[in-house]
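Have a look at it first, then read on for a tour of its parts.

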Amino acid sequence: MEQQKVTAIWQYNSEEEYRLAEYIIGLEKAALNKWFKGDTSGYEQLWSKHSFSYFDAVVTKRVDNHATIAEFLKTIEGKLFADSYDFSNPRVQFGQDMAVLTYQLFAKTTLIDMEYNCIEVFQKETGGEWHVIHSTWSFIRPMDKKFGTEKEIV
C-alpha cells in the first residue's frame with residue numbers, strides 16, 4: 001500500500017498529488033513574491049487568458065475575462081509593496097485536470113493591510129500548463145474589520 005503524504009490535517013493520496021500540490025503552491029508564491037515588490041506580471045501570467053473570472057473585496061462586480069483584469073493590474077503596477085507576507089495554511093484539492101488552492105494571506109502593504117481568504121482554481125490547459133481560471137480574495141471576517149479611509153492609487 002502506498003503511504004499517504006500528510007500536510008497539516010489533510011492528506012494527499014499519492015506522491016504525484018503531493019508533488020503537484022507543491023508545484024501549484026510554488027506558482028502562487030512566485031506570483032506573490034513579485035506582487036509585493038510592485039510587479040503584477042506574476043499574476044498577469046498565472047491567470048488564464050482563455051477562461052478567467054475574479055472576485056476581490058475591492059471590485060464591485062465579478063471580472064469575467066483576462067483583458068479586464070490586466071487593465072486592473074495596470075492601475076496598481078509599481079504601487080503595491082510589502083516588506084514581508086504570511087502565506088498560511090495552504091491546501092490543494094484535486095479534480096480531473098483541476099486543482100483548488102486555498103490559503104490565508106496576511107501583509108501590511110503600501111495600499112492596504114491584507115487579511116484575505118484566497119481561493120485559486122487552477123486548470124491544466126492545452127500544452128499541460130496550469131493556470132488560474134478563477135480567483136477570489138475575500139476579507140477574513142469582514143464584520144470584525146474597522147475600515148479606515150481608502151488609500152488612493154496615484
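## The chain at a glance

Of the 154 residues in the chain, 38% are buried, where buried means under 20% relative accessible area, exposed means over 50%, and partly exposed is in between (1.4 Å probe, protein chains only). This is a predicted model, in which local features need pLDDT of at least 70 and side-chain atom pairs count only at pLDDT 80 or more, while totals for chains, interfaces and linings use all residues. Residues are numbered from 1 along each chain as its sequence is written, and side-chain values use heavy atoms, with hydrogens and water left out.

The chain has 3 helices and 7 strands; these are DSSP runs numbered from the N terminus, with helices being H or I of at least four residues and strands E of at least two. Follow the sequence along and you get the pattern β-β-α-α-β-α-β-β-β-β. Take the contacts (heavy atoms within 4.5 Å) between residues at least 6 apart in sequence: 51% of them join residues at least 24 apart.

## Inside the core

The largest nonpolar core has 35 residues, and F36, Y43, Y103, L105 and W137 are the ones with the most contacts inside it. A core of this kind is a set of buried Ala, Val, Leu, Ile, Met, Phe, Trp, Tyr and Cys residues joined through side-chain atoms within 4.5 Å. Two or more residues come from each of α1 (15–35), α2 (41–46), α3 (66–76), β4 (86–95), β5 (98–108), β6 (113–124) and β7 (130–139). The largest share, 6 residues, is from α1.

Setting aside residues up to four places away in sequence, Y103 touches E28, L32, Y43, F87, S88, N89, P90, Y116, N117, C118, E120 and W137.

α1 has 21 residues and reaches 30 Å from its first C-alpha to its last, close to the 30 Å expected at 1.5 Å a residue. That expected span is 1.5 Å times one less than the number of residues in the helix. Its buried residues are E17, A21, I24, I25, E28, A31, L32 and W35. Looking down the axis of α1, they fall within an arc of 120 degrees, so they line one face of the helix. The arc is that of the directions from the helix axis to the C-beta atoms.

Over in α3, the buried residues are H66, I69, A70, L73 and I76. They sit on the same side of α3 because they cover an arc of only 115 degrees around the axis. A67 and K74, on the other side of α3, are exposed. What do the buried residues of α3 pack against? Their partners are α1, α2 and β3 (53–56). At the start of α3, a side-chain oxygen of N65 comes within 3.2 Å of the backbone nitrogen of A67. Just after the helix, G78 takes a positive phi of about 75 degrees.

A82 lies in the loop between α3 and β4. A82 counts as buried because its relative accessibility is 13%. Apart from neighbours within four places in sequence, A82 is in contact with F36, A107, K108 and T109. A82 and D113 are 31 residues apart in sequence, yet 9.6 Å apart in space, C-alpha to C-alpha. T110 belongs to the loop between β5 and β6, and its side chain reaches the backbone oxygen of K79 at 2.8 Å. That is a polar contact, meaning a pair of N or O atoms within 3.5 Å; within protein, one must be able to donate a hydrogen and the other to accept it, and residues adjacent in sequence count only if both atoms are side-chain atoms.

Most residues other than glycine have a negative phi. N89 is not a glycine but has a positive phi of about 55 degrees. N89 lies in strand β4 and is exposed, with a relative accessible area of 54%. D97, also not a glycine, has a positive phi of about 55 degrees. D97 is in the loop between β4 and β5 and counts as partly exposed at 39% relative accessibility.
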